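The following note is intended for a reader who is new to protein structure. Please keep the sequence and the model at hand while reading the numbered points.

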Amino acid sequence: MLVDRREYFLGYDDFPWFRGATVAQLHAVERPHRQHLRWADLDVDLELARMAIPERFPLVSRPRSARLAARAS
């Protein structure tokens with residue numbers, strides 16, 4: 001992903017929320033603040049710092065589909 005001329009790699013291991021996303025969902029990104037991106041359709045909010053150095057932010061939420069499946073059981 002390119003933000004302000006800086007490229008970010010959002011691999012599925014660190015960003016599992018994007019694994020099942022459609023191209024349209026990935027392109028529907030908003031920037032509510034200078035250091036914050038939001039994918040409303042995916043219910044994902046990320047700070048650019050998290051994208052730049054994912055190992056500094058070890059907590060990874062389960063993807064939305066996994067949360068819904070856990071609630072159903």
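**Note on the predicted model**

1. Three strands, in the order S3-S4-S5, form an open sheet with antiparallel pairing. Its edge strands are S3 and strand S5 (44-47), each of which pairs on one side only. Neighbouring strands of this sheet are turned against each other by 30° on average, direction ignored; axes here are lines fitted to C-alpha atoms, for helices over the stretch in contact, and angles run from 0 to 180 degrees between N-to-C directions.

2. Residues are numbered from 1 along each chain as its sequence is written, and side-chain values use heavy atoms, with hydrogens and water left out.

3. On confidence, the protein chain averages a pLDDT (the predictor's confidence in each residue, from 0 to 100) of 86, and 79% of the residues score at least 70. Confidence is highest in S4, at 96, and lowest in helix H3 (residues 64-72), at a mean of 61.

4. The secondary structure of the protein chain comes to 3 helices and 5 strands; helices (H or I, at least four residues) and strands (E, at least two) are DSSP runs, numbered from the N terminus. Read along the sequence, the pattern is β-β-α-β-β-β-α-α.

5. Which strands does S4 join by bridges? Strand S3 (residues 30-33) and strand S4 (residues 36-39) run antiparallel and are joined by 2 bridges; two strands pair if DSSP finds at least two bridges between them. A hairpin of 2 residues leads from S3 to S4, and Glu 30 has Arg 38 in S4 as its bridge partner. Between S4 and S5, which also run antiparallel, there are 4 bridges. In S5, Val 44 stands opposite Trp 39.

6. The side chain of His 36 makes a polar contact with the side chain of Asp 45, at 3.0 Å. Such a contact is a pair of N or O atoms within 3.5 Å; within protein, one must be able to donate a hydrogen and the other to accept it, and residues adjacent in sequence count only if both atoms are side-chain atoms.

7. The structure holds 2 aromatic pairs. One of them, Phe 18 with Trp 39, is edge-to-face, with 4.9 Å centre to centre and 70° between the planes. This pair links distant parts of the chain, 21 residues apart: Phe 18 lies in the loop between strand S2 (6-7) and helix H1 (23-27), and Trp 39 lies in strand S4. Rings of Phe, Tyr and Trp (its six-membered ring) pair if their centres lie within 6.5 Å; planes under 30 degrees apart count as stacked, over 60 as edge-to-face and the rest as tilted. Phe 18 counts as buried at 6% relative accessibility, and Trp 39 counts as buried at 2%.

8. Pro 54 is found in the loop between helix H2 (48-52) and H3. At 12% relative accessibility, Pro 54 counts as buried.

Methods. This is a predicted model: local features need pLDDT of at least 70, side-chain atom pairs count only at pLDDT 80 or more; totals for chains, interfaces and linings use all residues. Buried means under 20% relative accessible area, exposed over 50%, partly exposed in between (1.4 Å probe, protein chains only).
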